[in-house]
Amino acid sequence: MRTSLRTLLGSVVATASVVACAGKVEPAPGKLEPNGTRTEATHGTREYGNGCATEYWAYELSSDYACKLSTDLIAPNGYRSCPSLCGDSAASCSVSSGSDTEQRIWRTADEPCKPTAAFLLCTKDASTRCVMEGRRPDGLVATGRDAFRDVGCYFAECAFLEGAAVIAFERLVIELEGWGAPAELVERARRAEREERRHVELATALAHRFGRAPAPVVVGEHAPRSLFAMALENAVEGVVRETYGAAAALYRAEHAADPEVARALAEIADDECRHAELSWDLARWAETRLTAAERDAVRAAMREAARELEEQLGDEPPRELVAIAGVAPAASAKRMVSGLREAWASIAA
Ligand SMILES: [Fe+2]
Ligand SMILES: [Fe+2]
């Protein structure tokens, strides 16, 4: 298995030849009417700490519609309206009193609404696009920062995700020990944790070199969970995301033009291949301890994660990221996913 996954990752990367950037895909601008019509959007960036801004689109609202939306958006599950209001690439949306502020209009249905100049702000959560640096622990709070803003922001986001992966492996080690997993698997998870710490150092050094700093890693409380819950997470974060992350890391290590960056990425890529292998072995071990219904649920989660991954890879990285950091252009990223599809299908069948 170990050799074959590595070989597969190598060939997947080899077939994902560089394709020229096609430029950013921008959503159709628009003023938002209650009937869903959009025209005349204001497009801008919202600054986050250390300058890694996130793009937003502001749609002017009529006062009546602003009042309606401001209550819709704070209702339980109100955020389900975001994709329908802002399009699928939006991660968050809010009704704001101004297009360039974060001042949201929060109100409940029984409070009077007095909108002045109201806007619907559609914010693109760019923090996860194309940046896959290993498994994310349950309850991880995304930074919302735009990893594609510049090279420094990209490595700052990488360092953030590497820090998140440290926590994921810390938890995994404790859980595996608790379930009496084979010592060999526990030891590999422990080694992965150490390697992720090293990746934090490498990525942080690169972020600093390019003038940025990582955001602190914030995760929610972690309650004890079942082996089934771990297997579900491993299917998504490990078998799908870490495996793609390993291929992407190999690609970057091969294509980064900056020698210092290439050296750091080569070290990370080698480790990430091992982490991908671990996730597949974990999946096989966990399978033997799950019920048939649980195994089906794990496979379904994996298929869904592979589908979602493909959707996330549509954003074109800026040219400097492609050149300096070797980040795969969208078409190459999609080609890598296609190459991995067969491997995922073999386990999800
Ligand atoms: Fe990793
Ligand atoms: Fe890593």
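Visitor: In which helix is Ser4 found?
Guide: This is a predicted model, and what follows is read from it. Ser4 is found in helix H1.

Visitor: How far apart in space are Ser4 and Glu277, C-alpha to C-alpha?
Guide: Along the sequence, Ser4 and Glu277 are 273 residues apart. In space, the C-alpha to C-alpha distance between Ser4 and Glu277 is 9.5 Å.

Visitor: How many helices and how many strands are there in the protein chain?
Guide: From the N terminus on, the elements run α-β-β-α-α-β-β-α-α-α-α-α-α-α. The count for the protein chain is ten helices and four strands.

Visitor: What share of the residues of the protein chain count as buried?
Guide: A residue is buried if 20 or more other C-beta atoms lie within 10 Å of its own. The protein chain has 349 residues, and the share that count as buried is 45%.

Visitor: Is Ala276 buried or exposed?
Guide: Ala276 lies in helix H7, residues 259-287. The cut-off for a buried residue is 20 or more other C-beta atoms within 10 Å. Ala276 has 27 C-beta neighbours inside 10 Å, so Ala276 counts as buried.

Visitor: Which residues is Ala276 in contact with, leaving aside its neighbours within four places in sequence?
Guide: One of these residues is Leu5, which is 271 residues from Ala276 in sequence but 8.3 Å from Ala276 in space, C-alpha to C-alpha. With sequence neighbours within four places left aside, the contacts of Ala276 are Leu5, Glu242, Thr243 and Ala246.

Visitor: Are H5 and H7 roughly parallel or roughly antiparallel to each other?
Guide: Two packed helices are described by the angle between their axes and the distance between the axes. For H5, residues 183-209, and H7, the axes are 10 Å apart and the angle is about 150 degrees. Angles over 145 degrees count as roughly antiparallel. H5 and H7 are therefore roughly antiparallel.

Visitor: How many nonpolar residues has the contact of H5 with H7?
Guide: Residues of H5 including Leu185, Ala189 and His199 meet residues of H7 including Val261, Ile268 and Trp285. By class, this contact of H5 with H7 has two polar residues and five charged ones, and the nonpolar residues number eleven.

Visitor: Is Val200 buried or exposed?
Guide: Val200 lies in helix H5. The cut-off for buried is 20 or more other C-beta atoms within 10 Å. Val200 has 21 of them, so Val200 is buried.

Visitor: What distance separates the C-alpha atoms of Val200 and Glu162?
Guide: Leaving aside neighbours within four places in sequence, Val200 is in contact with Ala159, Glu162, Gly163 and Val166. Val200 and Glu162 are 38 residues apart along the chain, and their C-alpha atoms are separated by 5.3 Å.

Visitor: Is the crossing of H4 and H5 left-handed or right-handed?
Guide: The axes of H4 and H5 come within 8 Å and cross at roughly 165 degrees. H4 and H5 are therefore roughly antiparallel to each other. As for the hand, H4 passes H5 in a crossing that is left-handed.

Visitor: Are H6 and H8 roughly parallel or roughly antiparallel?
Guide: H6 and H8 pack with their axes 9 Å apart, at an angle of about 30 degrees. Angles under 35 degrees count as roughly parallel. The angle therefore makes H6 and H8 roughly parallel.

Visitor: How many charged residues are in the contact of H6 with H8?
Guide: In H6, residues including Phe228, Val236 and Tyr244 meet residues of H8, among them Ala297, Met302 and Leu309. The contact of H6 with H8 has 15 nonpolar residues and no polar ones, and its charged residues number two.

Technical notes
Residues numbered from 1 in each chain as written. Chains lettered and ligands numbered in written order. Predicted model: local features only at pLDDT ≥ 70, side-chain atom pairs only at ≥ 80, totals over all residues. Helix = DSSP H or I, 4+ residues; strand = E, 2+ residues; numbered from the N terminus. Buried ≥ 20, exposed ≤ 12 C-beta atoms within 10 Å, placed from the backbone. Contact = placed C-beta atoms within 7 Å. Axes fitted to C-alpha atoms, helices over the stretch in contact; angles between N-to-C directions. Parallel < 35°, antiparallel > 145°, perpendicular 65-115°, else oblique. Nonpolar A, V, L, I, M, F, W, Y, C, P; charged D, E, K, R; others polar. Left-handed = near helix turned anticlockwise from the far one by under 90°.
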